[in-house]
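Subject: Structure for you to look at

Hello,

Here is the structure I promised. Please open it next to this email. My notes follow below.

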Amino acid sequence: MNPSASAPLLTLRRIAKNFGGVRALRGVDFDLAAGEVHALLGENGAGKSTLIKVVTGAHLPDDGEITVAGRTVRRLTPTLAQQLGIACIYQQPALFPDLTVAENIGLRLEHGGARRRIDWPARRARAKDLLVRVGAAIDPEAEVNELSMPEQQLVEIACAVGAGARIVIMDEPTASLTQREQARLFTVVRELRTAGVGVVYISHRLEEIFALADRVTVLRDGASVGTHDVKTMDEAGLIKLMVGREVAQLYPPAESPPGDVVLSLQNVGCAASGVRNVSLELRAGEVFGLAGLVGAGRTELARVLFGLTPADSGEIRLNGRAITLLSPQQAIELGLAYVPEDRRRHGVILEMPIAQNMTMAVHRRIFPGTWLRDGAELALALDYVRDLAVKCAGPDAPGGSLSGGNQQKVSLARWLATKPRVLILDEPTQGVDVGAKSEIHRIIRRLAKDGLAVLMISSDLPEVLGMSDRIGVMRGGALAAVLPGGSDAHTVMAAALGQETGKGAA
Amino acid sequence: MKRYFRELSVSAALGIVLLGLAVFAPAFFQPQPLLSLVTREAPTLLVACGMALVIICRQIDISVGSQFSVCSVCAGLLAARGWPLALVVPASVGLGALMGAINGGLVAGLRLPSIVVTLATMVTLRQGLNLVRQGEFVNLPDNVQWFGLSQSAGQWTLVLSALAVLVVIGLAMRHWSAGRQVYAVGTNAEAARLAGIPPQRVTFLVFVFLGALTGLAAIMNIVQSPQVQPLSGAGLELKVIAAVVVGGVAIAGGRGNLWGAFAGLLLLACVSPALTHLHIEAYWEKAIQGAIILLAVVADGVRQRRAGP
């Protein structure tokens, strides 16, 4: 297959890892040779991050075997991984922002107790030398917070080189880089390869994989589905490997044709959050699925529509009337509702009773005057508890006592109580068990049938495919494609990755 | 029941102390001294109500003592110039609200940590007052003391109006949208923002509200004596924060209520007269109050660890 037929640098066999009942990894095989760039590819949630954490010692696998340079490792800890020459460069570099580059490098590479004396000239000299070796024109005396993101990545790489790392893992290193910075990073990666380092390269951008990698391993649903020589693969083949699975679940069908346009966006953009030039129309009674990779700008678009990061260009119309959305209060008054992604942090207030959670956004509307009567509040809460079948001890139980799916229903109830016209759902079934998931799907479909316009953001591809009347695919902050409902996974994935639909994102 | 465990246990502790006093020192319950004791605590109760709101909102204000002194002196000076109380009261409340607005503006507007902001305003206001007044007392005209009423009528007026404020705010915290918003912001500001509650505005307003209550409390204080001491508010911040924390308001925000703070205040206020009546040396007062605070904090810590993740 590939160069140097000697023992591979890293071999993983049948790696498995469970989190509670969730099988994050179930039998991953992977190997890395010296002097190769080996790409790791997979959908959101395919298990890439978990696998990296296993290799860097952050997670102990439940099963499987890790061999580093011919030596089988029983318990890989972060310290041991470092000693074995494994280094990881994360998308968000983990440096100390208020220390200088030299100090950061020193902290990583110098060993010894708290009482050792620091040899400042040696520290500076080493930092300078390492930065030159990775081709970075960075002053070792500069504070890290003065550096750009790619410069920080180079500092991380310098640390890895300085530690004598033989295995370097790069997790989406180009996600926030410009073309030129990307080209420079590629040069550094190629130099590492020439120096005999094995690089595990994770990226969603297929063109990078073709430009840089020697081999590619595809993960799907926590298992490796094949390792291939990049030269023998094409884009279509890779996408097929990534999405090739059966849609096992049944989704409730659309029961009524969509009605009038409720919300329309014309070239909406927000420079601060990276949303660019989005145009779409949302109809009453329609579920519009928004697919895309993590970081493609879907949540950012939702935040624009909810007035959290107001749009700075384009036009938003509600029922034909141009509106500006500058704050959530305004959005709520206009009839928009946003059920946020991370319900434990941003949705349900865990310490508050269910009833209070449900009425939080509607105090003024449902209670005449400003006096909240317990009776009225409980009645409203009970209505929704019954309507959405929330399993709870009673409307007085704290939000934190509920399961994920039921918390999501409480979060949903809060917004239904505002009687919205447009409902934006961000990952409505993330971390929800299967039973509650299909319940939530039925609720969403029913709401649409009752005339709500639903914008559903989801990283769960089968969910998007099964639930949506139309599917928007976002990439790089822009709406890359709008596909009809019932499109296949392959088409959606291709659009999300930027293939076939061509230059749609520009 | 379980949700109000903290409030109930403080009330129980208060009950036990009162019961003990009834048995060992029935003299404590003589009406006139008791009324005087309660009257002395009436201004503290108002400030404690405001402080409870600020702490529920996950902030703190340690400048209330200085605000209290400034309001007392200014109100005294206005009264000495012959202003009628009907004007002095709103002036003092307004001045308090203004100082609260400065704190609130710095904390909410610039997102500065409240402990540092109010530490700065505490020192600035206190030293500023010293500089201007050089420690001089303000002599009040006769008609100010007890609002020109008899002593006991004045005392009843103070106690009842302080209780009325407590009841109104206590109910409003549960039944007014504004009260709910304070809890929401104190528990999870980001979630509150996503639910359409503006966290910065709520934060600003609780500081203003505390300032206004402090201004009102200053009036309640100056009417109790013929003179205004320039440092009447010294140490007030510790007293009210202690009362609020003992009463079960979580310093981390979002939890607790005014009834608990009220019980906490009474419990701490009982210590000193109880010692006198039981013929224990007064030196023990601070030590016992400190022990009560420690006990309350430890109880919270234990509870939180048990409930924790």
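Start with strand β11 (residues 261–270) of chain A, which is joined to β12(A) by 6 bridges. The two strands run antiparallel. One pair to find on screen: A:S264 has A:E281 of β12(A) as its bridge partner. Keep in mind that this is a predicted model.

Now step back to the sheet. It is open and has 4 strands, in the order β12-β11-β14-β15 (chain A). The pairing is antiparallel. At the edges sit β12 (275–283) and β15 (321–323) of chain A, and each of them pairs on one side only. From one strand to the next, the twist averages 20 degrees.

A helix packs on this sheet: α9 (residues 298–305) of chain A. Helix α9 touches β11 and β12 of chain A. The direction of α9 makes about 70 degrees with that of β12(A).

Next, helix α3 (residues 101–109) of chain A. Which of its residues are buried? They are A:V101, A:A102, A:E103, A:N104, A:I105 and A:G106.

Last, the contact between the chains. Chain A gives 20 residues to it and chain B gives 16 residues. On the chain A side, α10 (328–334), α11 (343–347) and α13 (363–366) each supply at least two residues. By class, that side of chain A, where it touches chain B, has 10 nonpolar, 6 polar and 4 charged residues.

Best wishes

Conventions. Residues are numbered from 1 along each chain as its sequence is written. Chains are lettered from A and ligands numbered from 1 in the order in which they are written. This is a predicted model: local features need pLDDT of at least 70, side-chain atom pairs count only at pLDDT 80 or more; totals for chains, interfaces and linings use all residues. Two residues are in contact if their C-beta atoms, placed from the backbone, lie within 7 Å. Ala, Val, Leu, Ile, Met, Phe, Trp, Tyr, Cys and Pro count as nonpolar, Asp, Glu, Lys and Arg as charged, and the others, Gly among them, as polar. Two strands pair if DSSP finds at least two bridges between them. Axes are lines fitted to C-alpha atoms, for helices over the stretch in contact, and angles run from 0 to 180 degrees between N-to-C directions. A residue is buried if 20 or more other C-beta atoms lie within 10 Å of its own, exposed if 12 or fewer, and partly exposed in between; C-beta atoms are placed from the backbone.
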